[in-house]
Amino acid sequence: MIASAATQRRRARAAAAAVRAAAPAAAPVLHPEWRAFVGRWLEAAGCTVRDAARGDWEVELSPALRRRWRRQRVRLVFDPSRPTLPRGAWFTAPGSGGGRKILEAALEEPLVTRRTALAQVPGAPAEGLAPVCRVRGLAWAAPRLGPVRYERRFAFHGVVTRWGGLPAQESWVILLDADGGLLETAIGSALPEVRPREGLYQIADALDPDGRARMTAAAREHFARLLDEREREWERAVSRLRDDELGRLGAFFSARIEEEEERLRRRSSNGEEGDLEQGDATSLKLEWERRAAEVQQRWALRTELRVWGIEEWSWPVADLEQELKAGAVRVRVASRVDVARGRPALPGCPSCGAPAEMLVRSRGAVACVRCAPE
Ligand SMILES: [Zn+2]
């Protein structure tokens, strides 16, 4: 059947419209996190970044990067659809020449920055511990928030790469206290809900190299534990896919081998020589083994963790005290507040000391639900 001229014109218009509609979507788009990473890294490395026309950046390089790249400044272009670059400018996508230069420099050693977490005002909720710890048969009195002080903390930024099966990458941040104890873990490139300012407020001395080595060792241990957990999850996901693939391979080869054996039976019942066919079944089995080993190898999990940044933090904290009342019973409960987030930690149970999400009245005392007798 031949389409009428009108139908053909309509089809041509529809096709052209489809091309126009598809064109913007087909243009490459840079992940916004990449630009944020480049900006953070350049500033942390001591460069000055200024906005230039068309979304470009004009970067005044730090002395170390001037030596490394043998230039004073560089213009970074992020727009992938720009047909030409200004003279000397670098197109800066993750796989581009400029992007690779930046990544290579960033990979060499973890950056160390010093920051202060800005305090929230007010530093704690007006109801004190009530939002984090429920009570039964008791009532909270007004909270007393102590003065804000600043303590040293360390954040380690890492990227974990999974090879094998479906390669993937994740950014992790862990926050440690000054003794190397783990306070927080976050997936992503920054600690959530913190407004930072450059410099270490109220902490005069930066940590000495020995202290930093101790913190780095502690961070490695925490990362290793996290990685173990993550690997177990990945292993479960990957082994399902691997077993599916091995199952398909197995179904294919066993069907082929069965066909071969069937053919062999028919021929030998006809009195023909079957050595060659027997050989075919054997080589099929060998081929199956070889392919299965390849599949195992391809899905074998391998991970790599790279620490790319260390932040030394000055972090605002305060003590919080609050009384629990029930008739004549008055018990004082204490906790600490993360003033950067305005968030109190769970208070310790007055009976057993464990962090308590709920406190109840128990035989004239106050206890958590675990240590209160039913
Ligand atoms: Zn308890």
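Two strands are taken as paired if DSSP finds at least two bridges between them. In this predicted model, β6 and strand β16 (residues 358-362) are joined by three bridges. The two strands run parallel. Within this pair, Val-135 stands opposite Leu-359 in β16.

The pair belongs to an open sheet of three strands. The strand order is β6-β16-β17, and the pairing is mixed. The edges are formed by β6 (134-136) and β17 (365-368). Each of these has a single partner strand, so one side of each is left without a neighbour in the sheet. On average, neighbouring strands of the sheet are turned by 30 degrees against each other, direction ignored.

Helix α2 spans residues 32-44 and has 13 residues. From its first C-alpha to its last, α2 reaches 18 Å. This is close to the 18 Å expected at 1.5 Å a residue. Gly-46 follows α2. The phi of Gly-46 is positive, near 95 degrees.

Along the chain, Gly-95 and Arg-225 are 130 residues apart. Their C-alpha atoms are separated by 31 Å.

Note on methods
Residues are numbered from 1 along each chain as its sequence is written. This is a predicted model: local features need pLDDT of at least 70, side-chain atom pairs count only at pLDDT 80 or more; totals for chains, interfaces and linings use all residues. Helices (H or I, at least four residues) and strands (E, at least two) are DSSP runs, numbered from the N terminus. Axes are lines fitted to C-alpha atoms, for helices over the stretch in contact, and angles run from 0 to 180 degrees between N-to-C directions. The expected span of a helix is 1.5 Å times one less than its number of residues.
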